[in-house]
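Have the model open and follow along.

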Amino acid sequence: MRGKKLLAMTLCTVMTAGLLAGCGGGKGNTSAAVDLSSAELTGEENEWGWIVPEETLVLDVYGGEGDQEKLLKDEYGGKAKLDGWLKDNLNVQINWQYYSTAMDEKLNLMLANGDYPAIITNMTDEMADKFIAQGKALDLTEAIEKFGDNIQRRYGQYLNMLRSEDGKIYKLANLYGYNPNVAGYDFGIRYDYWEELGEPEMYSTPEGYYEALKKVLENHPTNANGQTTYGASSTDKGQNFLKAMLAAYGFINEYKHDEASGTFTHWLNTEEGLEIAQFVNKMYRDGLIDPDFLSTDYETLMTKMQSEQILGNFGTWWYGWTGGHQYWATQDPDNYTVEKRFANVSVHADGVAMEDTTLLTANFLGSYRCIITDKCKDLGMVMRYLNWENSEMGNFIMGWGAPDEDNVWKIDEDGTWLMDDDILSVDTKETTFHKVREDYNGGGSYMIALNGQWLRTDETQNFDHIDPRVDRVSVYDYWPVNEDGTFSDEGIRLSWGHYNAQAKDISMYNVTYDPNAEITITKQTIKDMLETEWARMITAGSEEECEQIFMEAREKCNGLGLEELTEYVKSQYEANVTKFEGK
């Protein structure tokens with residue numbers, strides 16, 4: 001995995017039967033009928049599944065915070081190569097815009113002065129709803145019905161969840177779909193150091209993790225530079241520790257959901273919450289957690305892992321890959337062996353079955369939204385393009401770049417999507433895969449509102465034309481496999497051989513907050529307080545002090561409206577279920 005921000009974009013459309021017209025400038029009206037006739041193109045689809053328009057379709061897309069100068073500089077030529085392919089094969093031109101301002105801040109300014117583009121993507125659900133509430137987002141329902149067959153097919157019943165109270169669709173998701181990952185939250189450990197212990201089997205509970213880390217640290221109390229070693233550190237002031245522990249207990253988005261009774265309970269109001277706080281505090285007091293975790297950022301954590309000062313990965317699974325073997329294999333190959341890596345390990349709390357954990361989850365609608373604003377004058381052609389983007393071919397090209405001998409994939413004479421042999425060794429994929437598809441071929445640069453996850457329509461459908469040597473293919477990634485579906489790479493088998501959690505679909509637990517509602521203020525106030533209180537719980541000087549801080553935090557947060565917030569979360573879940581079922 002690559003530890004860099006996903007680049008985002010801005011889109012606006014130009015196209016009529018014989019004129020250059022489109023989505024830039026001008027003002028539309030969400031209440032007026034939208035003319036979709038310009039998108040009723042005649043002619044045959046080309047080999048890419050696209051009817052080429054006579055006039056260039058120009059797409060101007062705003063997609064968030066980023067470096068516009070770097071994008072335009074295009075140091076390695078990947079953007080220019082994809083630009084050329086889109087123009088030559090689709091007669092489409094995409095103009096990307098970034099701003100250094102935080103996206104929500106910029107969108108609020110745009111909304112205030114009316115200076116927003118025709119298409120906005122990678123926005124939060126809340127910001128999308130803000131534009132919708134002010135009548136700035138077009139109704140997409142009819143356009144999807146006429147030109148969105150791929151969109152309808154790939155969303156399936158989940159499309160209902162994007163409908164507003166009036167039953168219409170004003171927003172789409174970006175990077176939605178099934179989770180292709182094997183691992184999620186992780187209780188990882190240096191595999192080579194664990195092997196030295198000669199243990200008969202890997203740990204499967206948080207307590208077992210504690211004991212394994214403690215033994216590894218006893219064997220390796222310092223790294224080669226003489227620095228004290230630790231079992232884990234953090235990039236977010238210990239929030240990753242909390243999320244991993246909540247997942248091991250089966251909490252969903254900080255809440256315990258009793259499906260039999262329908263009740264929701266925030267972790268702070270449960271006995272398990274106190275157990276979790278005291279367990280992490282024990283790790284800290286016993287020297288397993290880096291004392292600098294409150295001030296550690298991502299780059300610092302990667303450096304500490306690479307220098308072998310941090311010997312475990314307690315939180316997001318891929319941190320151990322980026323900070324471990326993917327670095328050592330490419331930057332220090334003389335001292336690298338396949339066993340020198342972090343093993344991703346799934347655990348479950350006592351009394352919680354592995355299948356009831358939420359270590360690995362699937363949120364079909366993802367976190368990002370796309371709207372087409374009232375500045376757009378050719379909704380039909382915009383929808384035609386988004387529909388092509390949601391075809392499997394469109395997904396793959398926009399995620400990996402166009403098929404080419406110089407890219408990481410090509411299409412052979414039999415129609416097979418054949419992968420470059422060089423990417424089948426995943427330990428070096430940072431240079432053989434990520435750099436080639438992104439920097440040299442523009443993959444991932446222009447994703448607007450597509451299915452970004454597992455490249456399949458549903459859980460039963462496989463694509464015979466995808467190279468059989470890989471599986472779990474998405475716009476970001478792939479994993480090499482044998483004919484029987486097992487992982488063919490020895491390193492992957494070592495990393496994932498002890499990860500048994502199955503993906504739990506948490507799509508119904510998406511919660512949207514009106515930016516102007518009192519409950520939203522309550523949520524933010526409690527969030528801010530809990531971040532501070534959680535750090536205090538971790539660093540408490542004793543188990544008794546940790547419990548005292550926990551109980552004080554519970555009282556404070558309940559006083560601020562935590563129970564009301566919990567009821568709101570429950571109501572959102574119930575509304576999602578109703579929407580999903582089409583009621």
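## A pocket with a charged side

Start with the second largest pocket, which holds about 770 Å³ of space. Keep in mind as you look around that this is a predicted model. The pocket has 32 lining residues, and those nearest its centre are Asp129, Arg163, Lys171, Thr512 and Lys579.

Two helices to pick out here are helix 4 (125-133) and helix 20 (562-580), each of which puts at least two residues into the lining of this pocket. Sorted by class, the lining of the second largest pocket comes to 11 charged, 11 polar and 10 nonpolar residues.

Now for cavities. Rolling a probe the size of a water molecule over the atoms shows where empty space is left. With a cut-off of 30 Å³ or more, the count here is one cavity. The volume of the largest cavity is about 50 Å³.

Which residues line the largest cavity? They are Ala232, Ser233, Asn240, Leu301, Met305, Gly312, Asn313, Phe314, Gly315, Thr316 and Tyr319. Helix 11 (298-306) and strand 9 (312-316) are the elements that give two or more residues to that lining. Strand 9 gives the most, with five residues.

## Helix 9, well wrapped

Asn240 turned up in the cavity lining, and Asn240 is also one of the buried residues of helix 9. Helix 9 is largely enclosed by the rest of the structure, because nine of its 10 residues are buried. Those buried residues are Gln239, Asn240, Phe241, Leu242, Ala244, Met245, Leu246, Ala247 and Ala248. Their cover includes strand 6 (185-190), helix 8 (206-219), helix 10 (271-285), strand 9 and helix 18.

Take a closer look at the pairing with helix 18. Helix 9 (residues 239-248) packs against helix 18 (residues 518-538) at an angle of about 85 degrees, and their axes are 10 Å apart. That angle makes helix 9 roughly perpendicular to helix 18. On the helix 9 side the contact uses Gln239, Phe241 and Leu242, while helix 18 brings Glu531, Trp534 and Ile538. By class, this contact of helix 9 with helix 18 has four nonpolar residues, one polar and one charged. Just past the end of helix 9, look for Gly250, which has a positive phi of about 90 degrees.

## Another crossing: helices 14 and 15

Tyr385, Trp388 and Glu389 make the contact from helix 14, and Gly394, Asn395, Ile397 and Met398 make it from helix 15. Split by class, the contact of helix 14 with helix 15 has four nonpolar, two polar and one charged residues.

## A lysine tucked inside

Last stop: Lys429, which sits in helix 16 (residues 429-440). Is Lys429 buried or exposed? Lys429 has a relative accessible area of 0%, so it counts as buried.

What does Lys429 touch? Leaving out residues up to four places away in sequence, Lys429 is in contact with Gln326, His434, Asp477, Tyr478 and Trp479.

Methods
Residues are numbered from 1 along each chain as its sequence is written. This is a predicted model: local features need pLDDT of at least 70, side-chain atom pairs count only at pLDDT 80 or more; totals for chains, interfaces and linings use all residues. Side-chain values use heavy atoms; hydrogens and water are left out. Contact means heavy atoms within 4.5 Å. Helices (H or I, at least four residues) and strands (E, at least two) are DSSP runs, numbered from the N terminus. Ala, Val, Leu, Ile, Met, Phe, Trp, Tyr, Cys and Pro count as nonpolar, Asp, Glu, Lys and Arg as charged, and the others, Gly among them, as polar. Buried means under 20% relative accessible area, exposed over 50%, partly exposed in between (1.4 Å probe, protein chains only). On a 1 Å grid over the protein atoms alone, a cavity is a set of points where a 1.4 Å probe fits but cannot get out, and a pocket is an open set with protein on both sides within 12 Å along at least five of seven lines; lining residues have an atom within 4 Å of a point. Grid points are joined across faces, edges and corners, and a volume is the space filled by probe spheres set on the points. Axes are lines fitted to C-alpha atoms, for helices over the stretch in contact, and angles run from 0 to 180 degrees between N-to-C directions. Angles under 35 degrees count as roughly parallel, over 145 as roughly antiparallel, 65 to 115 as roughly perpendicular and the rest as oblique.
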